[in-house]
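Good morning, and thank you for joining.

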Amino acid sequence: MNAPLAWLNGRFVPFHEAALPLHDAGFVSGATVVDNARTYGGVLFRWADHLARFRHDCEACFVP
């Protein structure tokens, strides 16, 4: 099984390498949108639909 990935600053990074500074808006103001995407056989499931929902949620929370 492959290690999980995180999306950080416009790119996928190994989950264990993902880090945010303590002054990040997500910590300071609670401005965070979190989501998980399912994969099957290493392929993201319904990625376009997932990404559209995630972007909508970010916009609703004023997270760029």
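How many helices and strands does the protein have? The protein has two helices and four strands, where helices (H or I, at least four residues) and strands (E, at least two) are DSSP runs, numbered from the N terminus. Their order along the sequence is β-β-α-β-β-α.

A word on the basis of these values. This is a predicted model, in which local features need pLDDT of at least 70 and side-chain atom pairs count only at pLDDT 80 or more, while totals for chains, interfaces and linings use all residues. Residues are numbered from 1 along each chain as its sequence is written, and side-chain values use heavy atoms, with hydrogens and water left out.

The C-alpha trace spans about 35 × 25 × 15 Å along its principal axes. Of the 64 residues, 11% count as buried; buried means under 20% relative accessible area, exposed over 50%, and partly exposed in between, with a 1.4 Å probe and protein chains only. Among contacts (heavy atoms within 4.5 Å) between residues at least 6 apart in sequence, 14% join residues at least 24 apart.

Let us turn to the hairpin. Strands β1 and β2 (residues 11-14) run antiparallel and are joined by four bridges; two strands pair if DSSP finds at least two bridges between them. Within this pairing, W7 has F12 of β2 as its bridge partner. L5 also belongs to β1, and L5 touches F12, V13, P14 and F15, leaving out residues up to four places away in sequence. L5 counts as exposed because its relative accessible area is 54%.

Two residues separate the strands of the hairpin, and N9 takes a positive phi near 55 degrees there. Most residues other than glycine have a negative phi. N9 is not a glycine, and N9 is exposed, at 75% relative accessible area. R46 is another non-glycine residue with a positive phi, of about 50 degrees. R46 lies in the loop between β4 (43-44) and α2 and is exposed at 52% relative accessibility.

Which residues lie nearest the centre of the largest pocket? They are L5, A6, W7, L8 and D35, from a lining of 40 residues. Here, on a 1 Å grid over the protein atoms alone, a pocket is an open set of points where a 1.4 Å probe fits, with protein on both sides within 12 Å along at least five of seven lines, and lining residues have an atom within 4 Å of a point. The volume of this pocket is about 1800 Å³, taken as the space filled by probe spheres set on the points, which are joined across faces, edges and corners.

β1 (5-8), α1 (25-28) and α2 (47-60) each give the lining at least two residues, and α2 supplies the largest share, six residues. By class, the lining has 26 nonpolar, ten polar and four charged residues. Ala, Val, Leu, Ile, Met, Phe, Trp, Tyr, Cys and Pro count as nonpolar, Asp, Glu, Lys and Arg as charged, and the others, Gly among them, as polar.

Beyond neighbours within four places in sequence, H50 is in contact with D35, N36 and A37.
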